[in-house]
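Let's walk through this structure together, one question at a time. Keep the viewer open as you read.

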There are 2 protein chains.
Amino acid sequence: MNTQKIVIVGGVAGGASCAARSRRLSEEAEIIMIERGPFVSFANCGLPYFVGEVIKEEEDLLVASPEIFRDRFNIDVRIQSEVTKIDREKKLVTIRNMSTGKTYEESYDSLVLSPGAAPLRPPLKGIDHPSVFTVRNIPDIRSIKEMTGNGQAKSAVVVGGGFIGLEMAENLHAVGISVSVIEMAEHVMPVLDREMATMVNEHLDSMHVDLYLGSAVQSFENGPDNKPVVNLASGEKIPTDIVIMAIGVRPETSLAKAAGLDLGPRGGIAVDGFMRTNAPHVFAVGDAVEVDGFVMGGKRLIPLAGPANRQGRLVADVILGKEEPKPFRGTQGTAVCGVLGMTVACTGETEKSLGMLAKEGKGIEYEKVYSHPFSNATYYPGAQQMSFKLIFAKEDGRILGAQAVGLKGVEKRIDVVAMAIQMGGTVFDLEEAELCYAPQYGSAKDPVNMAGMIAANVLRGLSKIVHWNQLPDFKGMLIDVRDPEEYATGYAEGAINMPLETLRQNLDKLPKDQEIWAYCYVSQRAYFAERILTQNGFNAKTVSGGILSYWAADADA
Amino acid sequence: MNTQKIVIVGGVAGGASCAARSRRLSEEAEIIMIERGPFVSFANCGLPYFVGEVIKEEEDLLVASPEIFRDRFNIDVRIQSEVTKIDREKKLVTIRNMSTGKTYEESYDSLVLSPGAAPLRPPLKGIDHPSVFTVRNIPDIRSIKEMTGNGQAKSAVVVGGGFIGLEMAENLHAVGISVSVIEMAEHVMPVLDREMATMVNEHLDSMHVDLYLGSAVQSFENGPDNKPVVNLASGEKIPTDIVIMAIGVRPETSLAKAAGLDLGPRGGIAVDGFMRTNAPHVFAVGDAVEVDGFVMGGKRLIPLAGPANRQGRLVADVILGKEEPKPFRGTQGTAVCGVLGMTVACTGETEKSLGMLAKEGKGIEYEKVYSHPFSNATYYPGAQQMSFKLIFAKEDGRILGAQAVGLKGVEKRIDVVAMAIQMGGTVFDLEEAELCYAPQYGSAKDPVNMAGMIAANVLRGLSKIVHWNQLPDFKGMLIDVRDPEEYATGYAEGAINMPLETLRQNLDKLPKDQEIWAYCYVSQRAYFAERILTQNGFNAKTVSGGILSYWAADADA
């Protein structure tokens, strides 16, 4: 019997998972879960949807109550209680009861920190305006709902175009509020590479969400009727009814820092593969810790619920399990976001993250392919085209990451690639994947297969590809192999129209002394053209992703 | 330059893929594609949806025309032409032009057979009734549509409750036709294990599709107004307007057999890993061939479009590629079927297929777990519960197969498991999978994670499980750990109600000298109960999948 006394700081995701798993491993352990807020185990990922009235009742956001933890798990839950100090030597924490203001001490055999991450609130002038909110917990969202739920707020400014920013934009929009999004980067969803995110920009635009890209907030001021005005660095002023700050989160490390726990290079709590901090018997999990990037290593801050839950379970296994568990395998950063009907998903590395690693001397030679497959068989009504980007190692085809954006069937493909990455898969594995196919669900060559096939063709030397960003400097001949009617709708600068069907008859008009780059709409026909040309002695290449990727990349340039 | 002359017999899926890939590999090859029907590369998987008027126009079923093959790929397509003979010695085929009736010979360097599989039409009395149809090609579906598209048919009998049978049932139902399904097995979807398919039975029932399970058709007769009457072996007569025979397919092997090609143990054309038949320079692909089961080996007939396409590509690579490709990796049998709003999907082995392998001396010690996860976070509206079954090797946790049935998010999970199986993954890998999570898409612990966690708990000895089929013979104490209100709605025979929350207070009422089996609705609470009991010295086990699996399994028993 393991009769440890375990104190867990933080009662959401990682902390709650650790508490429940600990009890399943030991009936005898004393388990105390301390939570600063009024609720434990609430659905923080659901908060924006309460504003959008998709989730109607506040109580629907409560996944498990303190009573369930007590009755089902025999866990001593103390809400509205803050751990203010850790005494590592004596193995004691100091707890402040936030209702009574009283403090007391509690000893521990094992201490698990799951404090989460707090929304950034930079010290901008006027940020304390009562209508400037952040989104972290139920009291936050309750305050926002008080302004949005009764028609009081007609307009909103969301500062930050990442996951939470866009989820808030979606939900504010859903209740008829006119929404502006301010984003410092040149595109929303800064976690994506630019040319993938431009589709999201355009979608928001089409849904009448006002985008301020490459824009920084300088200050807030109080306008007429005590409503906030957002001042941009550009000098522009945006009067509004409510402001949501969603520019990111920072790990909650004050308690850890005060206790002398090591932080990592990204500012999160440093832990080993068993989520152990540098202090004996002190663990940390969730959004507050730095984890290893699964694909390429390197410390990362990846605030996601799934990994937090698994880390919580792992710590319970370390403390109470019969055998030592396998260490945490790192995080891939698999994520999805719904944006007004559009789905954005990604897993693994992006060109951005690979670029940052390269700067740190941890680069890898990679290639990428773009594709624009449909969610399902095009002959079945409702099929939707998505944009897909696959990044892989040049040396061996190992999958490094994938991004996808579209209206339907998007996160399914990223999930499959996520599993392939987890297993060390290559593009050749994607090529051969055997996935569910019926016309309403997919295609006999699934988008995952297609991306794998394109990449495999490149690695096998069957296709040479270039990318949208190389076109401006290209000195050879650029051919657009679409039909004339398609060409007439717009084409890449300098491109000559030479429809695929006529190519074999026109080979004598093409130069052998310079490169020929071919593209079409998505570059399937361009690949066919490249094959015809190459076999006829031309030096041909395909523009990956075709005019669609070119346009997408160019959209904001 | 490879100037081979390649003759391809069959212009759909495998044949068409082989033709296009061949051209991409060689501009010089002579490629002739012979197709018996009037169309090449048509959407055979879409045929049922034309009857349902989901796909409105017949031309939408044509994926690529002979003209596209000619203009884009420089392929000589000959439709309505049948290869009647193969002369292996002289490397000649005899072709009959079905329009003119004339025959002629064509030589080949490589011959690729992609004849497909034909719907079974057993020699039952009256099967030649003009209103008894099968579904294989556009002329078939055109004939059916002539009766269903104008209100002429008010009722239909579908013989066979597999993929095509249920897709036809869905589409006949969609146009207001009263549908009966006759299935020889005790449940529809015979590819699934029984307890997984019962949910489909119930769903069809709720949609007013009449099911005749465990029923065989004995004969057809001509009834009043020349309408068919279906005579069951039971003596029952079902008068109807139209009959669809969908009891399965058999590989088209007559041409191959006549040419002395080897067939395999299941009656399909025998091929090696490079799709080579025993005749030099003669290849075969698609529904007509036997392939290796990927998970457990053994020859299988698996008529699926995805593998057919990949086989077609592979043959082109073998014939024309610069390097020898990797052999075909076998087929997992990943499949999906939409059934009146429900999705049924599977990958890998089932208990049925493992049972057949065991009979052949190729068995494996396996375990299974049932779960009933929701498609996405339950606090997000529209979440739907599915049934999930995961089968894995007892020795090392290697995933052997998975089946899932539900209204939403079903095939996505099977796709992820399919990728894990392809990579040789274990239940421990599923436990650690990092998948897309936002509340409208999934759960922080995705159904894939949950199944992996349950299985991993079993393999690590943290949970001992039993199954629904063991309950009738159980002599120990069976406890239902749900709340009294749930228990009152129905419980397993002999079960005593002992809510999880009260269990710790009632331990003294439980016996130490016999096994205690616990269940709840889906057996999550039962697992908690098992942990409490085990740690208190009881001999406890969890009934996997809870009362839901028990009910599902029992439904038709």
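The questions below go from the whole chain to its sheets, the interface and a few single residues.

Q: What kind of model is this, and which pLDDT do local features need?
A: Residues are numbered from 1 along each chain as its sequence is written, and chains are lettered from A and ligands numbered from 1 in the order in which they are written. This is a predicted model in which totals for chains, interfaces and linings use all residues, side-chain atom pairs count only at pLDDT 80 or more, and local features need a pLDDT of at least 70.

Q: How many helices and strands does chain A have?
A: Helices (H or I, at least four residues) and strands (E, at least two) are DSSP runs, numbered from the N terminus. On that basis, chain A comes to 16 helices and 30 strands.

Q: Why does chain A count as being as compact as a globular protein of that length?
A: The globule rule is 2.2 Å times the number of residues to the power 0.38, and the radius of gyration is taken over C-alpha atoms. For 557 residues the rule gives 24 Å, and chain A is close to that, so it is as compact as a globular protein of that length, with a radius of gyration of 26 Å.

Q: What percentage of the residues in chain A is buried?
A: A residue is buried if 20 or more other C-beta atoms lie within 10 Å of its own, exposed if 12 or fewer, and partly exposed in between, with C-beta atoms placed from the backbone. Of the 557 residues in chain A, the buried share is 56%.

Q: Which residue of β2(A) stands opposite A:K5?
A: Strand β1 (residues 5–9) and strand β2 (residues 30–34) of chain A pair in the parallel sense over five bridges. Opposite A:K5 stands A:E30.

Q: What angle does the direction of helix α15 of chain A make with that of β30(A)?
A: An open sheet of five strands with parallel pairing runs in the order β26-β30-β29-β27-β28 of chain A, and its edge strands are β26 (465–466) and β28 (496–497) of chain A. Helix α15 (residues 524–535) of chain A packs on this sheet, touching β29 (516–519) and β30 of chain A. Axes are lines fitted to C-alpha atoms, for helices over the stretch in contact, and angles run from 0 to 180 degrees between N-to-C directions. The angle with β30(A) is about 175°.

Q: Which element gives the most to the side of chain B that touches chain A?
A: Two residues are in contact if their C-beta atoms, placed from the backbone, lie within 7 Å. By that test, 65 residues of chain B are in contact with 65 residues of chain A. Elements that give two or more residues on the chain B side include α3 (66–73), α8 (305–320) and α15 (524–535) of chain B. With nine residues, the one that gives the most is α10(B).

Q: Is B:A156 buried or exposed?
A: B:A156 has its place in strand β10 (residues 155–159) of chain B. Residues that B:A156 touches include B:L172, B:I177 and B:V179. With 27 C-beta neighbours inside 10 Å, B:A156 counts as buried.

Q: What is the phi of A:E53?
A: A:E53 sits in the loop between α2 (47–51) and α3 (66–73) of chain A. With 13 C-beta neighbours inside 10 Å, A:E53 counts as partly exposed. Although A:E53 is not a glycine, its phi is positive, at about 60°.

Terms used:
Two strands pair if DSSP finds at least two bridges between them. Lists of a residue's contacts leave out its neighbours within four places in sequence.
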